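Please read them with the coordinates open.

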Amino acid sequence: MTPGAHVPPHLSRLDRQETFTFSCHREVRCFTDCCRMLELALTPYDVLRLRKATRLTSGQLLESHIIIEQDAGEPFPRFYLTMVDDGRASCVFVTKQGCSVYGHRPGACRAYPLGRAVIRQENGTMEELFVLMREDHCKGFQEPISQNSLHYCRDQELLPYNRFNDAVAAILQHDSIRKGFVPSAKQIDLFVLALYNIDSFRELAQNDQLDAVALTPAEKNCLVQDEELLLFAVDWLSRQLFAPF
Ligand code: SF4
Ligand code: SF4
C-alpha cells in the first residue's frame, strides 16, 4: 500500500502503539475458516521456513505447493501457496486440528489480522506501516485480549520474517525499479533461483557456478546456514540486477 492510497473499508491504518482487541485459538467458532480461498503470497523467507516444516527441498516445494504468476507490467513474478480442490479451496496445509506447519507457517498467517508493509523513503530508509483487517467471519475480535502491533509481531514471532522481508524489499523497491528498470528473462530466472530455490542456489554457490563470484572455503562454510545463505542470495541478486556493467 502506498501512503495516501485508498484503503478498503475492512482495513484501517494502525499506529505502532495503537491497541486492538484480538485473539485466535482452537476454541473460536471460526477456527481455520481463514485458511481457505486465499491468495497467500509467499516471501523467500516463508519458503525457507516451509522447507524446514515439510522437509521438502525448495525445488520440490516450487513444483508441488507453489504457483508462480507474473502480471503484465510487474518486474518480477509472485509466488502463491497452493489451495487444494476440496470444494472449499483449502490451504494445502490446513487440517481439522489446525495448521500442519504451524511452527513454520508463513508470515502473512502469523501477522493476520495485521498487514505490514515497508515503504522505501527517498533517503533509503524504510518506513513501516501496519493495517488492521477487520473481516466479518473472524470471531477473534470478540476475544478480550488487547495488544499493539509491536507486541503482536513479537508474540507471533514475526521479527525474523520482517528482517528478511525488509532485505528483499530493498530489491523490490530499488530506485532502478522505480525508474522503470525491466529485468531480462535471464535476470527473472536468477530472481527465482536466488530467492525461491535456495537449495539449487546453494549448490551452485558451493560449486563455484555463480556468475562473478568465487567464494573462499570459509565463506562456503557460512552458506551451510539457511539464513546466511538467503542474505547472501539477496546481496548477490542485487548485484546481478543493478550493478553497473
Ligand atoms: S478467522 Fe480469525 S479467529 Fe477464526 S481462526 Fe481465522 S484468525 Fe482465528
Ligand atoms: S499455512 Fe497454515 S495458517 Fe497459513 S493458511 Fe495454511 S493452514 Fe492456515
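1. In this predicted model, Asp-199 and Arg-51 form a salt bridge in which the closest N and O atoms are 2.9 Å apart. The interface of domain 1 and domain 2 holds four salt bridges by the rule applied, and eight residue pairs, both members at pLDDT 80 or more, are found in polar contact across it. On the side of domain 1 that touches domain 2, the elements giving two or more residues are α1 (44-54), α2 (58-64) and α5 (159-172). Sorted by class, that side of domain 1 has 15 nonpolar residues, together with five polar and three charged ones.

2. In terms of contacts, 23 residues of domain 1 meet 21 residues of domain 2. How much area do domain 1 and domain 2 bury between them? The figure is about 2000 Å², with 73% of it on carbon and sulfur atoms. Of the area that domain 1 buries against domain 2, 28% is supplied by Phe-76, Phe-164 and Ile-171, which is more than any other three residues supply.

3. Over the whole structure, the search for salt bridges returns 15. One of them joins Arg-88 to Asp-33, with the closest N and O atoms 4.0 Å apart, a value that deserves attention because the cut-off for a salt bridge is within 4 Å. Arg-88 belongs to the loop between β5 (83-84) and β6 (90-91), whereas Asp-33 belongs to the loop between β2 (19-21) and α1, so the pair ties together parts that are 55 residues apart in sequence.

4. Turning to the ligands, the surroundings of ligand 1 consist of Cys-24, Val-28, Cys-30, Phe-31, Thr-32, Cys-34, Tyr-112, His-137, Cys-138 and Gly-140. By class this shell comprises seven nonpolar residues and three polar ones, with no charged residue.

5. Which residues surround ligand 2? They are Cys-35, Leu-38, Leu-40, Cys-91, Phe-93, Val-94, Cys-99, Pro-106 and Cys-109. The shell around ligand 2 divides into nine nonpolar residues, with no polar and no charged ones. When reading this result, it should be kept in mind that Cys is counted among the nonpolar residues in this classification.

Terms used: Residues numbered from 1 in each chain as written. Chains lettered and ligands numbered in written order. Predicted model: local features only at pLDDT ≥ 70, side-chain atom pairs only at ≥ 80, totals over all residues. Heavy atoms only, no water. Near = heavy atom within 4 Å. Contact = heavy atoms within 4.5 Å. Buried area = accessible area lost by both parts, 1.4 Å probe. Salt bridge = Lys/Arg side-chain N within 4 Å of Asp/Glu carboxyl O. Polar contact = N/O pair within 3.5 Å; in protein donor to acceptor, adjacent residues only side chain to side chain. Helix = DSSP H or I, 4+ residues; strand = E, 2+ residues; numbered from the N terminus.
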